[in-house]
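Hi everyone, thanks for coming. I'd like to walk you through a structure today, a few places at a time. Have a look at it first, and then we'll start.

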Amino acid sequence: EDADVAWIDGLVEEVHGDELIINCTSGKKVTANVSSVYPKDVEVKRSGVEDMTRLAYLHEPGVLRNLKSRYGMNEIYTYTGNILIAVNPFQRLPHLYNDHMMEMYKGAEFGELSPHPFAMADRAYRLMMNYGISQAILVSGESGAGKTESTKMLMQYLAFMGGKVESGGRSVQQQVLESNPVLEAFGNAKTVRNNNSSRFGKFVELQFDQNGKISGAAIRTYLLERSRVCQISDPERNYHCFYMLCAAPPEDRERYKLGDASLFHYLNQSNCIKLDGMDDSSEYIATRRAMDIVGISSDEQDAIFRVVAAILHLGNVEFSEGSEADSSVPKDDKSQFHLRTAAELFMCDEKSLEESLCKRVMVTRGESIVRNLDSRAAALSRDALARIVYSRLFDWLVNKINTTIGQDPTSKLLIGVLDIYGFESFKTNSFEQFCINLTNEKLQQHFNQHVFKMEQEEYTKEEIDWSYIQFVDNQDILDLIEKKPGGIIALLDETWYVQVMV
Ligand SMILES: Nc1ncnc2c1ncn2[C@@H]1O[C@H](COP(=O)(O)OP(=O)(O)O)[C@@H](O)[C@H]1O
Ligand SMILES: [Mg+2]
């Protein structure tokens, strides 16, 4: 094992008990324990194998070596039985995903053509049609690995297979595909790991009729990261839609009283405003067009962007100490201006908005007590309002898309595609990373059970000894976090309960 390149290979020169002296291909001589050394398949071609199950030895160095040799030849996809492994190419490969490719994979025997997401989608579609059983495709991997891109290809292929030819208007498959750019504008952001990182989980259900045509769809989303709305740090960005709106055509910027993105506190806490290869003003136009297609009316679009702009103005409201003890007021004319503009855009009363930020109302036994908040607490309630409004806006969008696309109540067949936020670990991690990473652990557990259980059943059937199949079971981690009682979440719940009681 090597700290820089994961694994290195070589020839064993001497054996002293458990200690091996190895002459590495790199020229280095190393000593290693026999337990940390794996046999290398010397027969395997330089170009590797399309399916890992064909490797003579299925261990980590063997798997990584195979992926690396294939990647070196721009083969980014590899099978492990019926699982597809994708390695992020970090460059556009349009020839891999065009109509011609979809035609090729249509109905081709699984494994006959090169590994590809289209083959996975085709397989799910065939299984559904031939056996009348709904299917689900799980996409997992750490943040930036390529899950969302792969999901889009799966959906592209399913829309191709299940698309209905319609005369004019918007077809279901088109609406489903165009829901991606809309959700990404409001739910994706640049992180350290990924310039277009999904900050929410998504399960898309495509419903089909008896003829295998898409007849409806439902999009379920999970837990949008809220803290990002008012807190970002270098080199990250807030949600894309904020920058898009600040780069909108002049008449729209005027309408929402916006200027350059760098003027807004919620955006300028990070020095990263512009992204290489992403033009916010053309993205704005594209998002508007996608909204048209999914069926969001222009009045609704206006309302959505008013809320987005209002949040930016809200973020620029600062507070200073008021005349009464521990009270607060908008700091100066500038803050007063942003407060007024936020109220106009929200279409609410300016005074009520100010009071909701600078005061707290407590209701006890039917009586309500109004308490002043100091400037620090007022800034916190400003941020809390921004977060909650944004996450409700996102939920509203998802709902809206679902109602306009519509579900088919008679459909008995569906294919679900799960695309979640991948595992991540930053310099500072919050409760949200905790939740994201727990989701990934749970998905891993599902994967383990599904894959290894299936494999073991197969072995038992053929009376093969399977006791040597080893895998790292993450059940201990799940127990630590979510076991009842005593797990971390149960303890957190209890603490909260006690605080409320007090
Ligand atoms: N198959 C692919 N072809 C081209 N670029 C890709 C592909 N997969 C990933 N990428 C690049 O990597 C970035 C991150 O991928 P993404 O799917 O957003 O990761 P994840 O959803 O796993 O966090 C994309 O924005 C894209 O630039
Ligand atoms: Mg993603």
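Let's begin at Phe203, which sits in strand β9, residues 201–208. Keep in mind as we go that this is a predicted model. Is Phe203 buried or exposed? Its relative accessible area is 17%, and buried means under 20%, so Phe203 counts as buried. Which residues does Phe203 touch, once we set aside its neighbours within four places in sequence? One group is Ala218, Ile219, Arg220 and Tyr222, and the other is Gly416, Val417 and Leu418. If you want a sense of distance, take Ala119: Phe203 and Ala119 are 84 residues apart in sequence, and their C-alpha atoms are 20 Å apart in space.

Let me step back for the overall picture. The protein has 16 helices and 15 strands. Its C-alpha trace spans about 85 × 65 × 45 Å along the principal axes. Of the 502 residues, 44% are buried. And if you take the contacts with a separation of 6 or more, 61% of them are between residues 24 or more positions apart.

Which protein atoms are donors to the magnesium ion, ligand 2? They are OG1 of Thr148 and OG of Ser198, at 2.1 to 2.2 Å from the ion. Thr148 belongs to helix α4, residues 147–162, while Ser198 belongs to strand β8, residues 197–198, so this pair ties together parts that are 50 residues apart in sequence.

Two packed helices are described by the angle between their axes and the distance between the axes. For helix α3, residues 117–131, and α4, the angle is about 50° and the axes are 9 Å apart. The two helices are therefore oblique to each other, and their crossing is right-handed. On the α3 side, the contact is made by Pro117, Phe118, Met120, Ala121, Asp122, Tyr125 and Arg126. On the α4 side, it is made by Met153, Leu154, Gln156, Tyr157, Leu158 and Met161. What kinds of residue are these? In the contact of α3 with α4, 10 are nonpolar, one is polar and two are charged.

There is another helix pair I'd like to show you, α5 and α9. Helix α5 covers residues 172–187 and helix α9 covers residues 280–294; they pack at an angle of about 135°, with 8 Å between their axes. That angle makes α5 oblique to α9. The crossing here is left-handed. From α5, the residues involved are Gln174, Gln175, Glu178, Ser179, Pro181, Val182, Ala185 and Phe186. They meet Thr287, Ala290, Met291, Ile293 and Val294 in α9. By type, the contact of α5 with α9 has eight nonpolar residues, four polar and one charged.

Next, some backbone details. Most residues other than glycine have a negative phi, and most peptide bonds are trans. So where does this model depart from that? Asp234 and Pro235 are joined by a cis peptide bond, with omega about -10°. Pro235 is in the loop between β10 (214–222) and α6 (240–246). The bond from Lys484 to Pro485 is cis as well, with omega near -10°, and Pro485 lies in the loop between α15 (475–482) and α16 (488–501).

As for phi, Ala6 is not a glycine, yet its phi is positive, about 75°. Ala6 lies in the segment before β1 (10–16), and at 31% relative accessibility it counts as partly exposed. Arg365 also has a positive phi, near 40°. You'll find Arg365 in the loop between β13 (359–364) and β14 (367–372), where it is exposed, with a relative accessible area of 85%.

One last stop: His59, in the loop between β3 (29–33) and α1 (60–72). His59 is buried, with a relative accessible area of 15%. Leaving out neighbours within four places in sequence, its contacts are Tyr38 and Pro39.

How values were computed
Residues are numbered from 1 along each chain as its sequence is written. Chains are lettered from A and ligands numbered from 1 in the order in which they are written. This is a predicted model: local features need pLDDT of at least 70, side-chain atom pairs count only at pLDDT 80 or more; totals for chains, interfaces and linings use all residues. Side-chain values use heavy atoms; hydrogens and water are left out. Axes are lines fitted to C-alpha atoms, for helices over the stretch in contact, and angles run from 0 to 180 degrees between N-to-C directions. Helices (H or I, at least four residues) and strands (E, at least two) are DSSP runs, numbered from the N terminus. Angles under 35 degrees count as roughly parallel, over 145 as roughly antiparallel, 65 to 115 as roughly perpendicular and the rest as oblique. A crossing is left-handed if the near helix is turned anticlockwise from the far one by less than a right angle, and right-handed if clockwise. Contact means heavy atoms within 4.5 Å. Ala, Val, Leu, Ile, Met, Phe, Trp, Tyr, Cys and Pro count as nonpolar, Asp, Glu, Lys and Arg as charged, and the others, Gly among them, as polar. Donors are N, O and S atoms within 2.8 Å of the metal (3.2 Å for Na, K and Ca); water is not among the atoms, so sites may look incomplete. Buried means under 20% relative accessible area, exposed over 50%, partly exposed in between (1.4 Å probe, protein chains only).
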